[in-house]
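Hello,

Here is the structure we spoke about, for you to open in your viewer. My notes follow below.

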Amino acid sequence: MEAPLRPRPAGDPPEEQQQQQPGGEPPGKRRRSSSSSSPGPAMGPPSSSAPQEGLLLAAAYVYDAQYNRNIPFETSPQAVRLYYLYNHWSMQAATYFFIFLDLALALFEEPAVYLLPFLATSLVEVLCLLVFFGRLVHFAQVTPRTVFWKDTKNICIMITILVTLIDIIVYGALRISTIRGIRWSRPLRPIFLINFAESRQIRRAFRSIRNTLPEITYVFLLFMFSVLMFSLMALKLFGDRNLKTVEGSPYFTDYLEIVFDMYVLVTTANSPDVMMPAYDFSWWYCLFFIVYVIINTYIFMSVFLAVVYNNYRKHLKNEIRKLAYMKRRKMIEAFNLLKVKEGGEFVVKEDQWKHLVKLVAPHISTSHRELLLRISDEEQKGCVDKKSFIRLADLLNIQVITIKLHNHPLDIWFPHVYNSVPSLFIRSMVRHKGFVWMYDVIILINAVFIALDEKNPYISYAEWVFLCLYIIEILLKLYTYEPRTFFARNQFWNWFDTSIIIAALIATVLNTALKTVTIYNSQQVLDIVFILRVLRLIRIIDSIQRFRVIMNTLINIIPTMLTFGGLALVVYYMFSIVGMEIFNGKVKFFAGNTTAQHALYCGNPSLKDTTFARAKYCKNNFNDIASSFIVLMELTVVNQWHVIASGFALVTHQAAKLYFITFHIVVVIMIINIFIAFILEAFFVEYSLEKSEVETAIEKKIQELGVGIQEDELLDGKLLDNMETSENDLGGEDGTATKKKLKGLMFKIASKRYRTVDALLQRMFEAEIPPEEEGPSLDEILNLSPDDAYPKKPNL
């Protein structure tokens, strides 16, 4: 028997990642459907015995393996039950709610979008801190004490809570004394979002930045050396020629200004403006700027992306290996808790296996559970061996839909008519590819008519013709295909087409009726009609195979992209709070109908006759967090960012440009490049998967058992999706009877595409691990380095 699972060392090792599993569920929350389990293992009654306690502990291990959790917890019965509660979706949802409530307080604090009294915001923040502290105490109850106090995440949370409380007290005392203070703890609020266990993916994104920093630092230093060298050359070339900028100021006479302008030129935001004075003087000088752009914009920026992408993939492989090995170790620990010796080998009895699955996934049906047992116990020996047991976590993650045969209602009500020769001809015509092509042509013709003048009566009449054609298409499809299959849960495009056509029909009828009422302005309804007409053109995407592949790829990687949304939120929030403290009130916006003279220069004389004021950038300010986020988004887009930076430098100090340069380095050079690296990796994996139709061994096993169906069998007019209801639940625990009934059901894998790149890469790596291989020990897993090839480096 292997050694019990040991707690991990201090810190936040990469293996502590929680993947978003197929089906797109958020971490810690699983769908209540036929293909998913409850939000956590069912705790069940504490019935009697050590075997029951071992079953609960084994369920916790399987639950962790299923969702790639690596939270160290005590193995006592009380600690295990507290661990279940800690991972319950409601507890995690409450944690996220208070985290975002804490972040949202910036909307109501000075400078505020909607100002609330300090007492109100401070009380809400204290409440949030109490919740965070309670969550931390709960975590301490399930985690070994030595591990808890060595974990830097916990220390960060406690220090942030203490610092925030001190800041609230000090700031409140200063307000009572009518002394202006600064809430310097507000930039620390995102620490709660980063460091709670629910935010593993965001921590992992920060680890990607941290791991990439050493390599990117060398490239950045070389890049800055190049900028400084070219800036010095520019000073010597143009500084003594008495050239003027378009605004009349001296051209390239101040070295620090030259460095800033040349840095901006790397982003192309001031091109070709920065070159024009020298270019006007002599066209030979354009060669200087062309060489500079080639070296720094195209070569160095490409090197940045290459370095980030290479390091991202290297560390991604390392973390995926750790996840795969850790999951296997968890399943082995669960097996060791339940195993009994039978026939010279250790196995888990069928009854124990069923109880375990009920604890981990209590809401899957009996038929689904029986299918999983058939896959695990292929020879129907009444027990599950170690090799099959280890696959249980993967089995539970596969979204399975039960299929039941149904006849078309018209085939039941009017069989002679529905099966007549004309009816069969109509149905075969609708199923033919030519029917799809014909309506693709109709959509394209409709697009031409949409672009024409709406006021032309013939164009208006043509819209009714197209609507009638689309309605006929829907009716013919409903006549051909079984309606419940046509509108199944996973038939997105059928729902989309029907909804758009019905909405367009209603809006067109309403618009026509309103036009007869001369005193009523129906422009808003008309706008809705126009939008609905244009949306119908999206249907062409589903008709062209390569379009559909690309769209499905983009849709599948969206859930994982939310990780970078959280990363951007953290960075934007910190920079916004700092920006408000530095630039609040320095730039003011005045409505267009104001007659105030100072409105021409944004309420600050320092901006008079500047590009910032002439471009009417007054609304780009840091006077509240909403405006700050918009400014940071504009800086991320890069275009004209130097105008914004120069404007705020004029109203404060030239050193303020460092704030904007720092933001550009952190967001545009580092985070955006990591995001691009992620998109490249995700798109390559998803796109190649779509083309190769990769299946796991488990999915193939479902097909081999003869209880699977192919994707193209869904629209044959007889199969009904999503029938995991009580009417087809097999019921009972009698194994023989249930297995016989199982043969009358069909099962379908809901999707062959895994919705996270990590999940796919992990399965690809697991396929390279021999089934009998238990992997390295826990200490070796935790210490795996990106260059370690144990047992061999996978071809990810």
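**What I found**

Lys477 sits in helix 20, residues 457–480. Please keep in mind throughout that this is a predicted model. Lys477 counts as buried because its relative accessibility is 15%, and the cut-off for buried is under 20%. Beyond its neighbours within four places in sequence, Lys477 is in contact with Val430, Phe435 and Phe486.

**Overall**

The protein chain has 796 residues, and 51% of them count as buried. Its secondary structure comes to 33 helices and six strands. Take the contacts in the chain with a separation of 6 or more: residues 24 or more positions apart account for 77% of them.

**A buried serine**

Look next at Ser185. This residue lies in the loop between helix 6 (152–176) and helix 7 (190–195). Ser185 is buried, at 1% relative accessibility. Its side chain makes a polar contact with the side chain of Asp167, at 2.6 Å. Leaving aside neighbours within four places in sequence, Ser185 is in contact with Val163, Thr164 and Asp167.

**The second largest pocket**

This pocket has a volume of about 1000 Å³. Its lining consists of 32 residues. Nearest the centre lie Thr245, Glu247, Ser249, Asp261 and Thr611. The lining divides into 12 nonpolar, 11 polar and nine charged residues.

Which helices each supply at least two residues of the lining? They are helix 9 (255–266), helix 10 (276–281), helix 26 (611–614) and helix 28 (641–651). Helix 28 gives the largest share, with five residues.

**Aromatic residues**

The structure holds 50 aromatic pairs. One of them joins Phe97 and Phe98. This pair is edge-to-face, with 5.2 Å centre to centre and 85° between the planes. Phe98 is buried, with a relative accessible area of 17%.

Tyr251 and Phe252 form a stacked pair, 4.3 Å centre to centre with 5° between the planes. Tyr251 counts as buried at 3% relative accessibility, and Phe252 counts as buried at 4%.

There is also an aromatic cluster. Its members are Tyr572, Phe575, Phe583, Phe612, Tyr617, Phe622, Phe629, Phe648, Tyr659, Phe660 and Phe663.

**Backbone points to check by eye**

A cis peptide bond joins Glu110 and Pro111, with omega about -10°. Pro111 lies in the loop between helix 3 (89–104) and helix 4 (118–142). A cis peptide bond also joins Ser271 and Pro272, with omega about 0°. Pro272 is in the loop between helix 9 and helix 10.

The loop between helix 9 and helix 10 also holds Thr268. Thr268 is not a glycine, yet its phi is positive, near 65°. At 41% relative accessibility, Thr268 counts as partly exposed.

Val638 has a positive phi too, about 85°, although it is not a glycine. Val638 lies in the loop between helix 27 (625–637) and helix 28. Val638 is buried, at 11% relative accessibility.

Best wishes

Key:
Residues are numbered from 1 along each chain as its sequence is written. This is a predicted model: local features need pLDDT of at least 70, side-chain atom pairs count only at pLDDT 80 or more; totals for chains, interfaces and linings use all residues. Side-chain values use heavy atoms; hydrogens and water are left out. Helices (H or I, at least four residues) and strands (E, at least two) are DSSP runs, numbered from the N terminus. Buried means under 20% relative accessible area, exposed over 50%, partly exposed in between (1.4 Å probe, protein chains only). A polar contact is a pair of N or O atoms within 3.5 Å; within protein, one must be able to donate a hydrogen and the other to accept it, and residues adjacent in sequence count only if both atoms are side-chain atoms. Contact means heavy atoms within 4.5 Å. On a 1 Å grid over the protein atoms alone, a cavity is a set of points where a 1.4 Å probe fits but cannot get out, and a pocket is an open set with protein on both sides within 12 Å along at least five of seven lines; lining residues have an atom within 4 Å of a point. Grid points are joined across faces, edges and corners, and a volume is the space filled by probe spheres set on the points. Ala, Val, Leu, Ile, Met, Phe, Trp, Tyr, Cys and Pro count as nonpolar, Asp, Glu, Lys and Arg as charged, and the others, Gly among them, as polar. Rings of Phe, Tyr and Trp (its six-membered ring) pair if their centres lie within 6.5 Å; planes under 30 degrees apart count as stacked, over 60 as edge-to-face and the rest as tilted.
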